[in-house]
Amino acid sequence: MKYTKLNFMMSVLGIVIYITDLIVDIWVSVRFFHEGQYVFGILTVSFMFFGTLVVQCFSYSWFKADLKKAGQESQHCFLLLHCLQGGVFTRYWFALKKGYHVAFKYSSKTDNFMEEQIDQHKEVIDRMTDLSMLRLFETYLEGCPQLVLQLYTLLEHGQANFTQYAAIMVSCCAISWSTVDYQVALRKSLPDKNLLNGFCPKLTYLFYKLFTLLSWMLSVVLLLFINVKIALFLLLFLWFLGILWAFKKQTQFCASISMEFLYRVVVGFILTFTFFNIKGQNTKYPMFCYYIVRILVTVGILIGFWVCPVSIFNSDYFIPISITIALSLVLGIIFLIVYYGTLHPNRNEETKPDEIDGIAAERDCRMKFFLME
């Protein structure tokens, strides 16, 4: 597997989107405080802090594990960098520096150093895979709640300024990028997975995730207008069920018990927004049950909003939003069926046992224990 010049350019685009998302989030929070909307400002900062704290914890634990594997002592400078929220930027610096060397210099050499080149390419791919996993964490821990908050403020006031539109667009771009990049990195880093080649499968997978996410986020926003306590109870209940599912499947992503517990809590949070295969097993029936429940809850919220009109909500928005929720959910399910039925890379292979935890992978890669598609 080679790390190409195109891969390097995509990596650069990834950090540009990451930095832009961070800047817009800070901009939005400052604007909320400036306009006297302290609750929204505090929530924005809290989502940012929660997401980056979790990401820094995992990043530092992976740094320690990699240093230990290489027979080196843990360096305090890495701990300081992560405490200063610079862990992801540090990873990007090392990955892009090495990636540039591999993509633009190694590619011009002859095949006499083929084995060495493979090791260099593998090292860069593994580093980019780590970044992909961290971005996926950050997307669902911080990006999705931020998007729900922005949609809520937009519908509550009936109008939006440039900052809100920018925040919504950047959040959508960040979610889109991290979702597709994660799916590509997953299949590129695991030798027992077929590559996700072609534009059509990637676009179909992206639409499946985005449409189901949009439908669910708008449904949550409507429920927040009906009753904030009911909405929070529903989300916490779904989070709790997600955590129970992670414990039931006995995930084995982290070496330490404490980090594995944190990982399962994070997985539970991600499952409140979208479905992932958390153990690498055949999840046809769990996925079916997941989206049946999603459909029932969404329909229940729409009926509840129709029965209990909310005075602070502009009724002119209800019909367009209801149509958007229903249409997005239907399109998301259609793209899901199309992707797994005709475009999935492993669709023609026989169902295997637990590929992630049951069979030793050829590469020593963290991704083999991470969330699957």
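## Valine 88, a buried residue

A residue counts as buried when its relative accessible area is under 20%. Valine 88 has a relative accessibility of 3%, so valine 88 is buried. You will find valine 88 in helix 4.

Which residues does valine 88 touch, leaving out those up to four places away in sequence? They are Tyr18, Val55, Gln56 and Leu131. Take valine 55 as an example: valine 88 and valine 55 are 33 residues apart in sequence, while their C-alpha atoms are 8.0 Å apart in space.

## Where helix 2 meets helix 4

Valine 88 also takes part in a contact between two helices. The axes of helix 2 and helix 4 (residues 87-104) come within 9 Å and cross at roughly 50 degrees. That angle is why helix 2 is described as oblique to helix 4. On the helix 2 side, the contact is made by Val55, Gln56, Ser59, Trp62 and Phe63. Helix 4 brings Gly87, Val88, Thr90 and Arg91. Sorted by class, this contact has four nonpolar, four polar and one charged residues.

Helix 2 spans residues 38-69, and threonine 44 is found in it. Is threonine 44 buried or exposed? Its relative accessibility is 1%, so threonine 44 counts as buried. Setting aside residues up to four places away in sequence, threonine 44 touches Asp25, Ser29, Phe32, Gln146 and Leu149.

## Salt bridges

How many salt bridges does the count come to? The count comes to six. One of the pairs joins arginine 91 and aspartate 130, whose side chains meet at 3.6 Å, N to O. This pair links distant parts of the chain, with arginine 91 in helix 4 and aspartate 130 in helix 5 (residues 114-157), 39 residues apart. Arginine 91 has a relative accessibility of 8% and therefore counts as buried. Aspartate 130 is buried too, with a relative accessible area of 7%.

Another salt bridge is formed by arginine 31 and glutamate 35, with the closest N and O atoms 3.1 Å apart. Arginine 31 is partly exposed, at 32% relative accessibility. Glutamate 35 is also partly exposed, at 37%. Then there is arginine 264 with glutamate 260, where the closest N and O atoms are 3.5 Å apart. Both of these residues lie in helix 9 (residues 257-271), four residues apart, which is about one turn of the helix. Arginine 264 and glutamate 260 are both buried. Finally, Lys98, Glu123 and Arg127 are linked in a network of salt bridges.

## How confident is the model?

The protein has an average pLDDT of 80, and 82% of the residues score at least 70. Confidence is highest in helix 8 (residues 228-249), with a mean of 92, and lowest in helix 6 (residues 162-189), with a mean of 79.

Where does pLDDT stay under 50? One such stretch is residues 109-113, for which the model has two contacts beyond four places in sequence. Over residues 350-363 the pLDDT is also below 50, and this stretch has 26 contacts in the model beyond near neighbours in sequence. Where pLDDT is low, the predicted coordinates should not be read in detail.

Notes:
Residues numbered from 1 in each chain as written. Heavy atoms only, no water. Buried < 20%, exposed > 50% of the residue type's maximum accessible area, 1.4 Å probe, protein only. Contact = heavy atoms within 4.5 Å. pLDDT = per-residue confidence, 0-100. Axes fitted to C-alpha atoms, helices over the stretch in contact; angles between N-to-C directions. Parallel < 35°, antiparallel > 145°, perpendicular 65-115°, else oblique. Nonpolar A, V, L, I, M, F, W, Y, C, P; charged D, E, K, R; others polar. Salt bridge = Lys/Arg side-chain N within 4 Å of Asp/Glu carboxyl O.
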